[in-house]
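Here is a short report on a protein model with its interface and local backbone geometry. Please read it with the structure open.

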Amino acid sequence: MPEIQEMTGFQSPCAEYAEDRLSLDERFLTNPPAMYPLRVSSDSKLFDLKKGDHLIIDRSLDPKPGELVIAVISNEFKIARFTIAQNGEGYLMPFNKKVGDVEAEEDFIWGVISSQHRKFRS
Amino acid sequence: MTIGLVDCNSFYCSCERVFKPETRGRPIIVLSNNDGCAIAFSREAKAIGFGQMCEPFFETEERIKKHKVVVFSSNYTLYDDMSKRVMTLLKNYTPELEVYSVDEAFLSLDGYDHFDLVEYGKKIRKDILKITGIPVGVGISKTKVLSKIANKLSKKSKGVWVMNTDKEIDEALKNYPVRDIWGIGSASARKLNLLGITTAYEFKMYKNENLIQKMLTKTGREVQEELRGVRCLEMEEVEAKVNIANTRSFGKDTYSKRELQEAIATFATKCAEKLRYQDSVCYGLSVFVHTNAFKEIEQYYGSGSFVFGSGTSDTIKIIKAAWHVLDQIYRPGFGYKKGGVILNHIVSKNENQLNLFNQDPSDNEKLSNVIDLINNRYGPRTIKSAACGINHAWKLRADYITKRYTTNWNEILTV
């Protein structure tokens, strides 16, 4: 891999203004030990997703109403929209399932989808 | 003075369950390298009689069928990443973390005494479970030995146990068998039993300290002091590895030298990668191969070592040296079942003293670094020395292995 040769002689006038190049990790992997990548396996009009999209899941977040989440419903990973019913309980739409407890082997929210990434060329 | 011990429940099984939620509530066992025997058991598996370390897998087939036990080959890549996640998160709850093993860590909680420690323990447990999916037990007390005991007790009380007053501690110790104390082996426990000591409380109160010192040496005395709430075992810094080893059982008995050479070269390659990863060099290595100790055949155990003129982390040099040792220890006619490479005399690269009279111009450090770079980008062992071979006949069995969900783009979860 050819590297640009370092300048000898006078120091570059830009050097003292140098900043680190933009990092996608810094932007999208904001809490690494809590984040997991996931791949979408089929198109979904409802959630505006295409087959092959990558989703980044942040398990440290509490979902807000209307946000997309990865939920385990009947022991399968599903994409769902989190809503809060009038009685204050959390629901997973469109499955209309109540958010339960992982340890009680109920349906539960595995993590909040924090970003969606689509590649146009592989 | 407060110290916490957090330990992951049935760690390997719990890691698998994170990505296989359908296994919740079902018994899980995880098999050793090469699928030889069970090494980890979920709570449900223990309840139906599993739990005996290294019970041969084939002897358990009937029970597995009957109770619909879920069986996994060990997926160490996944467990390692999940362990790192847990440990990184735990750093949020303490200024000082000592990672004691893959699934447990001590947390210094000095100065946290004004916190409600039960609530703090509950928060740790709740957060780790939510973020990693792994249930943990939290034990909090005055010393390491006491926090270990508190951790054991946490299993029976929703995952958190705090004992900080003398009354709480003594009550717990009175029901705690001396043989279950951390640092007291079965031999020491028997000696204490001879003195009439059966519970941790009796050990704590035993007055003849000189006798304890004589019978159980300094370690035993320190444990006794720790039971009394006097801290003897301090938090320890985790250092760079002093030895790096890669050893494996082979999938089948291996007779040919060619196959052994491939295996040894692969082990050596992995060791060298780890060595460069921690910016170190090694001055020596040893290699061993041996036959299957569980079979009634003629046994052979061969081992030997090699010393380098100067420190190296060069894969090719390390393979050459390992093969040189293998040449000396290989005896034809034996069916080899296990082998390994161990690098020793490891120092940081900066401390590596070049040998004045024996400067080694053949060290391919740059080449090795480029290989690491490519392998990091395109996947492990995209480029490797041809010495490692292509078809690994000796390769491990792993019939029930799950995906590397967190370290390989081709194996992530899909939904």
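The report covers the interface first, then the sheets, then the backbone.

**Interface between the chains**

The model is predicted. On the chain B side, 26 residues are in contact with 30 residues of chain A. About 2400 Å² is buried between chain B and chain A. Carbon and sulfur atoms give 59% of that area. Three residues stand out: Arg24(B), Lys130(B) and Val415(B) supply 32% of the area that chain B buries against chain A, more than any other three residues.

Polar terms come next. The rule finds 2 salt bridges across the interface of chain B and chain A. In one salt bridge, the side chain of Glu103(A) meets that of Arg125(B), with N to O at 3.3 Å. Across the interface of chain B and chain A, 16 residue pairs are in polar contact, both residues at pLDDT 80 or more.

Which elements of chain B give two or more residues to the side that touches chain A? They are helix H1 (11–19), helix H4 (76–90), helix H5 (117–132) and strand S13 (413–414) of chain B. H5(B) gives the most, with 5 residues. By type, the residues of the side of chain B that touches chain A divide into 14 nonpolar, 7 polar and 5 charged.

Strand S1 (residues 35–39) of chain A is joined to S13(B) by 2 bridges, and the two run parallel. Leu38(A) has Leu413(B) as its bridge partner there.

**An open sheet in chain B**

In chain B, 3 strands form an open sheet in the order S3-S2-S4, with mixed pairing. Strand S3 (38–41) and strand S4 (70–73) of chain B stand at the edges, each with a single partner strand, so one side of each has no neighbour in the sheet. From one strand to the next, the twist averages 30°.

Strand S2 (residues 28–31) of chain B and S4(B) run parallel and are joined by 4 bridges. Within this pair, Val30(B) stands opposite Phe72(B). H1(B) lies across S2, S3 and S4 of chain B, at about 110° to S2(B). H1(B) is also among the elements that give two or more residues to the side of chain B touching chain A.

**Hairpins in chain A**

Strand S3 (residues 68–73) and strand S4 (residues 76–84) of chain A run antiparallel, joined by 6 bridges. Ala71(A) is partnered by Lys78(A) in S4(A). S4(A) and S5(A) pair in the antiparallel sense over 4 bridges. Here Thr83(A) has Tyr91(A) as its bridge partner.

| Hairpin | Residues between the strands | Turn residue with positive phi |
|---|---|---|
| S3(A) and S4(A) | 2 residues | Ser74(A), about 50° |
| S4(A) and S5(A) | 5 residues | Gly88(A), about 90° |

**Backbone exceptions in chain A**

Most residues other than glycine have a negative phi, and most peptide bonds are trans.

The peptide bond from Met93(A) to Pro94(A) is cis, with omega near 5°. Pro94(A) is found in the loop between strand S5 (90–93) and strand S6 (97–98) of chain A. Asn96(A) is in the loop between S5 and S6 of chain A. Its phi is positive, near 55°. In the loop between S6 and strand S7 (108–117) of chain A lies Glu105(A). Phi of Glu105(A) is near 60°, again a positive value in a residue other than glycine.

How values were computed: Residues are numbered from 1 along each chain as its sequence is written. Chains are lettered from A and ligands numbered from 1 in the order in which they are written. This is a predicted model: local features need pLDDT of at least 70, side-chain atom pairs count only at pLDDT 80 or more; totals for chains, interfaces and linings use all residues. Side-chain values use heavy atoms; hydrogens and water are left out. Contact means heavy atoms within 4.5 Å. Buried area is the accessible area (1.4 Å probe) that two parts lose on being put together, summed over both. A salt bridge is a side-chain nitrogen of Lys or Arg within 4 Å of a carboxyl oxygen of Asp or Glu. A polar contact is a pair of N or O atoms within 3.5 Å; within protein, one must be able to donate a hydrogen and the other to accept it, and residues adjacent in sequence count only if both atoms are side-chain atoms. Ala, Val, Leu, Ile, Met, Phe, Trp, Tyr, Cys and Pro count as nonpolar, Asp, Glu, Lys and Arg as charged, and the others, Gly among them, as polar. Two strands pair if DSSP finds at least two bridges between them. Axes are lines fitted to C-alpha atoms, for helices over the stretch in contact, and angles run from 0 to 180 degrees between N-to-C directions.
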